[in-house]
Amino acid sequence: QLGPLGLGADSWRLLDGQWLYDSAYDPRAAWANFYRGDPKSPENERTYQKLQNGLGQPRALLEQISRTVGAKASSYYAVLMFDGDNMGDWLTGRHDKQPKLGEIHGSLPAELHGVKRPLGPAMQGELSQRVSSLALELYKIVEEHHLGRVVFSGGDDFLAFLPLATVLPCLQAMRDKARSDEYMGDRFTLSAGISIHHMRNPLREALRHARDAEKVAKRKKDGFAIKLALRSGGESVLTLPFEMEPQDEPKIPVIPNLLALLRWTGEDDKAD
């Protein structure tokens with residue numbers, strides 16, 4: 001089992017990603033990637049034949065895995081960036097949502113109820129410790145549960161590469177963890193940017209688009225933006241809040257409902 005997803009042994013995570021694609025098992029492509037010279041020349045012909053024969057079994061295994069999983073590896077991937085909203089204000093005790101003394105000690109004089117709780121050295125140390133611990137937890141969520149790769153984890157500031165199938169569930173799990181009572185609490189908000197790119201597009205563009213998407217999300221706070229860059233050159237951006245707030249009704253989480261909609265439309269496509 002590959003973690004909770006059940007796709008194979010942990011050793012699969014160590015394989016180069018190219019082996020998840022049919023094209024890697026084309027003898028000509030494999031020769032070009034790992035050998036030199038003309039494969040049809042007399043000195044290379046025997047080696048090329050062995051390579052050709054050896055690729056048959058692993059290619060059949062890949063096809064078997066694809067049937068079991070119900071999908072083939074996508075040629076697109078996601079870059080995820082997020083950042084805590086107004087972290088400077090949280091760390092200096094100036095945030096609008098900073099707890100008031102009246103929320104902590106109801107017996108205080110009324111004139112003190114609206115005063116923000118002072119953020120002394122002990123409280124600052126506790127907050128810094130929570131941010132550091134959060135960085136490790138977010139790393140585990142990405143690497144151990146969603147088949148991603150963390151590039152940078154600073155607690156409230158984060159960069160990772162993820163498959164398309166897991167990027168949204170991963171983002172939801174990370175937000176839930178960050179906003180838990182154990183870490184930042186439900187007053188904490190974050191903004192995230194996701195770029196979706198073809199694996200042959202330049203990496204610098206994928207990173208730039210993720211950064212741009214994060215900036216778009218930051219304008220409204222507590223939401224995420226997805227920027228899709230097609231290999232053909234077309235681009236589109238979708239911006240959503242993490243929660244919708246209908247009037248006089250409970251908040252509606254966006255990502256779980258979006259995933260349910262995607263599953264539903266996917267089932268319709270299969271039926272057609």
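The model is predicted, so local features need pLDDT of at least 70 and side-chain atom pairs count only at pLDDT 80 or more, while totals for chains, interfaces and linings use all residues. Residues are numbered from 1 along each chain as its sequence is written, and side-chain values use heavy atoms, with hydrogens and water left out.

**Overall fold**

- The protein chain holds nine helices and eight strands; these are DSSP runs, with helices (H or I) of at least four residues and strands (E) of at least two, numbered from the N terminus.
- Of the 272 residues in the protein chain, 34% are buried. Buried means under 20% relative accessible area, exposed means over 50%, and partly exposed lies in between (1.4 Å probe, protein chains only).
- Take the contacts (heavy atoms within 4.5 Å) between residues at least 6 apart in sequence: 54% of them join residues at least 24 apart.

**Nonpolar cores**

- A nonpolar core is a set of buried Ala, Val, Leu, Ile, Met, Phe, Trp, Tyr and Cys residues joined through side-chain atoms within 4.5 Å.
- The largest core has 34 residues, and Leu168, Met174, Ile194 and Phe224 touch the most other members. Two or more residues come from each of β1 (76–84), α6 (121–145), β3 (157–163), α7 (164–178), β4 (190–198), β5 and α9 (254–271).
- Beyond its neighbours within four places in sequence, Leu168 contacts Ile194, Phe224, Ile226, Ile255, Leu258 and Leu259.
- A second, separate core of eight residues includes Tyr25, Trp31, Leu51 and Leu62.
- Ile194 sits in strand β4 and is buried, at 1% relative accessible area. Leaving aside neighbours within four places in sequence, its contacts include Ala78, Val79, Leu80, Leu168, Ala213 and Ile226. Ile194 and Leu228 are 34 residues apart in sequence, with 8.4 Å from C-alpha to C-alpha.

**Aromatic pairs**

- Rings of Phe, Tyr and Trp (its six-membered ring) pair if their centres lie within 6.5 Å; planes under 30 degrees apart count as stacked, over 60 as edge-to-face and the rest as tilted. By this rule there are five aromatic pairs.
- Trp31 and Tyr48 make an edge-to-face pair, with 5.8 Å centre to centre and 75 degrees between the planes. Trp31 belongs to helix α1 (residues 27–34) and Tyr48 to helix α2 (residues 42–54), so this pair ties together parts 17 residues apart in sequence. Trp31 is buried at 4% relative accessibility, and Tyr48 is buried at 6%.
- Phe224 and Phe242 form a tilted pair, 5.3 Å centre to centre with 40 degrees between the planes. This pair links distant parts of the chain, 18 residues apart: Phe224 is in strand β5 (residues 223–229), and Phe242 is in the loop between β6 (235–241) and β7 (243–244). Both Phe224 and Phe242 are buried.
- Ring pairs also link Trp31, Tyr35 and Tyr48 into a cluster.

**Helix α8**

- Helix α8 (residues 203–218) has 16 residues and should span 22 Å at 1.5 Å a residue; its end C-alpha atoms are 23 Å apart, which agrees. The expected span is 1.5 Å times one less than the number of residues.
- The buried residues in α8 are Ala206, His209, Ala210, Ala213, Glu214, Ala217 and Lys218. Their cover includes β1, β4, β5 and β6.

**Second largest pocket**

- The second largest pocket has a volume of about 440 Å³.
- Its lining includes Leu164, Leu168, Pro169, Ile194, Ile226, Leu259 and Arg263. The elements giving two or more residues to this lining are α7, β4 and α9, and α7 gives the most, with five residues.
- A pocket here is an open set of points on a 1 Å grid over the protein atoms alone where a 1.4 Å probe fits, with protein on both sides within 12 Å along at least five of seven lines; lining residues have an atom within 4 Å of a point. Grid points are joined across faces, edges and corners, and the volume is the space filled by probe spheres set on the points.

**Residues worth a look**

- Lys221 lies in the loop between α8 and β5 and is partly exposed, at 34% relative accessible area. Its phi is near 70 degrees, a positive value in a residue other than glycine.
- Asp222 lies in the loop between α8 and β5, with a positive phi near 50 degrees.
- Pro241 is in strand β6 and is partly exposed, at 35%. Leaving aside neighbours within four places in sequence, Pro241 contacts Asp222, Gly223, Phe224 and Val254.
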